[in-house]
Amino acid sequence: MIIYCDGGTRGNAICLVHDDTIIVKTRGGKYTNNELEYIALIHTLEYIDSKNLKNIRIYSDSKLIVSQVNGKYRVTTDNLIALHGETLEKMLRCDGVQICWVRRNRNKAGRHLERIKHSLK
C-alpha cells in the first residue's frame, strides 16, 4: 500500500493521500517547511497506526526528511531533532513502513495542497 504526505508553509498545511482518502490539516503558529514536512510524516504514521495498516510505503517529496529518517543524513538543525526522534518512535509502532522519496510532481499530497493553496491562508 502507498500513502503520500506533504507539508507546506502556505497556510501551515499538511496533507496525506491514501487511496480515496485525502486528509488536510492546518496548524497555528509559525513553522518552517522542513518542520511541516516532519509533522506531515508524523501525522501519516499516526494514521497508519490508528488504521492498523501493514507494509506501507510512505512517499514524501522532501529529500532531506526522507534521508534523515532513513539514516543517510544527520539531523543537525535544533528545531528538527525532536521531530526526527518522534518520527522514529512512531515508525517503531508501524509494521513494515518504508519512507521513500518521490518527485514533487508525483506526490499526490503535494499536488492536492497545490490545488487548494488559494483557500489556505
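Buried here means under 20% relative accessible area, with exposed being over 50% and partly exposed in between, using a 1.4 Å probe and protein chains only. As background, side chains in a regular strand alternate between the two faces of the sheet.

A word on where this comes from. This is a predicted model, so local features need pLDDT of at least 70 and side-chain atom pairs count only at pLDDT 80 or more, while totals for chains, interfaces and linings use all residues. Residues are numbered from 1 along each chain as its sequence is written, and side-chain values use heavy atoms, with hydrogens and water left out.

Strands and helices are DSSP runs numbered from the N terminus, at least two residues (E) for a strand and at least four (H or I) for a helix. Two strands pair if DSSP finds at least two bridges between them.

So what's the strand order in the sheet? It's an open sheet of 5 strands, S3-S2-S1-S4-S5, with mixed pairing. Strand S3 (21-26) and strand S5 (98-101) are the edges, each pairing on one side only. From one strand to the next, the twist averages 20°.

Back to S2, residues 13-18. S2 pairs with S3 in the antiparallel sense over 6 bridges; Ala-13 stands opposite Thr-26, and Val-17 has Ile-22 as its bridge partner. The S2-S3 hairpin has 2 residues between the strands, and Asp-19 there takes a positive phi near 55°. On the S1 side, 5 bridges join S1 to S2, again antiparallel, and Gly-7 partners Ile-14. That hairpin has 4 residues between the strands, with Gly-11 at a positive phi near 75°.

Now, the helices. H1 lies across strand S1 (2-8), S2, S3, strand S4 (57-60) and S5, running at about 150° to S1. Helix H4 (residues 108-116) also packs on the sheet, touching S1, S2 and S3, and its direction makes about 45° with that of S1. Those angles are between N-to-C directions and run from 0 to 180 degrees, with axes fitted to C-alpha atoms, for helices over the stretch in contact.

Next, the inside. A nonpolar core is a set of buried Ala, Val, Leu, Ile, Met, Phe, Trp, Tyr and Cys residues joined through side-chain atoms within 4.5 Å. The largest one has 25 residues, and Leu-41, Ile-48, Ile-58 and Ile-99 have the most contacts inside it. S1, S2, H1, helix H2 (63-69) and helix H3 (78-92) each supply at least two residues, and the largest share, 9 residues, comes from H1. There's a second, separate core of 10 residues that includes Tyr-4, Tyr-59, Cys-100 and Leu-113.

Let me zoom in on Ile-48, found in H1 (residues 33-51). Is Ile-48 buried or exposed? It's buried, with a relative accessible area of 1%. Setting aside neighbours within four places in sequence, Ile-48 is in contact with Ile-3, Leu-53, Ile-56, Ile-58, Cys-94 and Val-97, where contact means heavy atoms within 4.5 Å. The C-alpha atoms of Ile-48 and Asp-95 are separated by 9.2 Å, at 47 residues apart along the chain.
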